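Here is a walk through one protein model, written for someone new to reading structures. Keep the picture open while you read.

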Amino acid sequence: ISVIFLCFCCLFHGELFPLVLNFEDRNSVSYALAPLHRMDLDAFTVCMHVLLGVPGVHTVISYSSDGRDNELMVSIDTNAREVGLWIGDEYVNMPHSFSTQDWTNYCVTWSSHSGGVDLWINGKVGEQRHLQSNHRINLTGEFVLGKDQDGVLGISDSDAFVGKMTDVNVWDYVLTTAEIRDQFSCERNSTVVGNVLSWGSSRFKMYGGVQPLAEPNA
Ligand SMILES: [Ca+2]
């Protein structure tokens, strides 16, 4: 078990600053735990920069509560070209036509007021879907990065993340279009880092083959 303080990292002038998490394979014990601020969410934005290593389904971030294995989870399916979102054990898929082998910025926003879900890829929004209006997400534990969390202590090795990720942030509100584009282009203002999960100021615990990379292209 290693506990490492992650430096601020961000896309800037085409380069990624440290720090990047590297998930080399689908090793079942390879994941990271990210602390979260305990709260009830009635809206959120989750954003990330990822470089996917192999085709398939990649679980980026997951959270399970006492009663729900899939209280909050975001996965990226390169074969189906869609992003999957679980909230409160209900699922919606967000198809898109985007395809790349390069670093990509994904954001997913949700608001319980309407249940509206939006997917942003590199600062461009897709068609709105709906999920779990009037639901509240009770956050009490930790986020799992790179694996699907089931139960309080369970880690599933299906749909494991393979590749590199950085700038995984979670906010407790829906970012505006300008804020989404700011975090994509890494404008250094207060909205770049999430207030629920704060990349660069949170201490992460890494297990198995997850490695921090100082140089993302090394
Ligand atoms: Ca789960």
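## Strands side by side

Strands here are DSSP runs of E with at least two residues, helices are runs of H or I with at least four, and both are numbered from the N terminus. Two strands count as paired if DSSP finds at least two bridges between them.

S17 has another antiparallel partner to look at, S8, and two bridges join S8 to S17. Here Ile61 stands opposite Leu145 in S17.

## The whole protein

What you're looking at is a predicted model, where local features need pLDDT of at least 70, side-chain atom pairs count only at pLDDT 80 or more, and totals for chains, interfaces and linings use all residues. Residues are numbered from 1 along each chain as its sequence is written. pLDDT is the predictor's confidence in each residue, on a scale from 0 to 100. The protein has a mean pLDDT of 86, and 86% of its residues reach 70 or more. Be careful with residues 1-16, though: pLDDT stays under 50 there, and the model has 41 contacts beyond four places in sequence for that stretch.

How many helices and strands are there? The protein has one helix and 22 strands. Of its 218 residues, 42% are buried. Buried means that 20 or more other C-beta atoms lie within 10 Å of the residue's own; with 12 or fewer it is exposed, in between it is partly exposed, and the C-beta atoms are placed from the backbone. Two residues are in contact if their C-beta atoms, placed from the backbone, lie within 7 Å. Among contacts between residues at least 6 apart in sequence, 67% join residues at least 24 apart.

## Helix H1

Now find H1, residues 177-185, whose buried residues are Glu179, Ile180, Gln183 and Phe184. They sit on the same side of H1 because they cover an arc of only 140 degrees around the axis, the arc being that of the directions from the helix axis to the C-beta atoms. So what covers these buried residues? The cover includes S7, strand S12 (104-111) and S13.

After H1 comes Cys186, with a positive phi near 65 degrees.

Pro55 is in the loop between strand S7 (43-52) and strand S8 (57-63). Is Pro55 buried or exposed? It counts as exposed because it has 10 C-beta neighbours inside 10 Å. Leaving out residues up to four places away in sequence, Pro55 touches Thr78 and Asn79. The C-alpha atoms of Pro55 and Ala80 are separated by 9.8 Å, and these two residues are 25 residues apart along the chain.

Arg81 is in the loop between strand S9 (72-77) and strand S10 (82-87). Its phi is positive, near 50 degrees, in a residue other than glycine. Arg81 has 13 C-beta neighbours inside 10 Å, so it counts as partly exposed. Asn122, in the loop between strand S13 (116-121) and strand S14 (124-125), has a positive phi of about 50 degrees although it is not a glycine. Asn122 is partly exposed because 16 other C-beta atoms lie within 10 Å.
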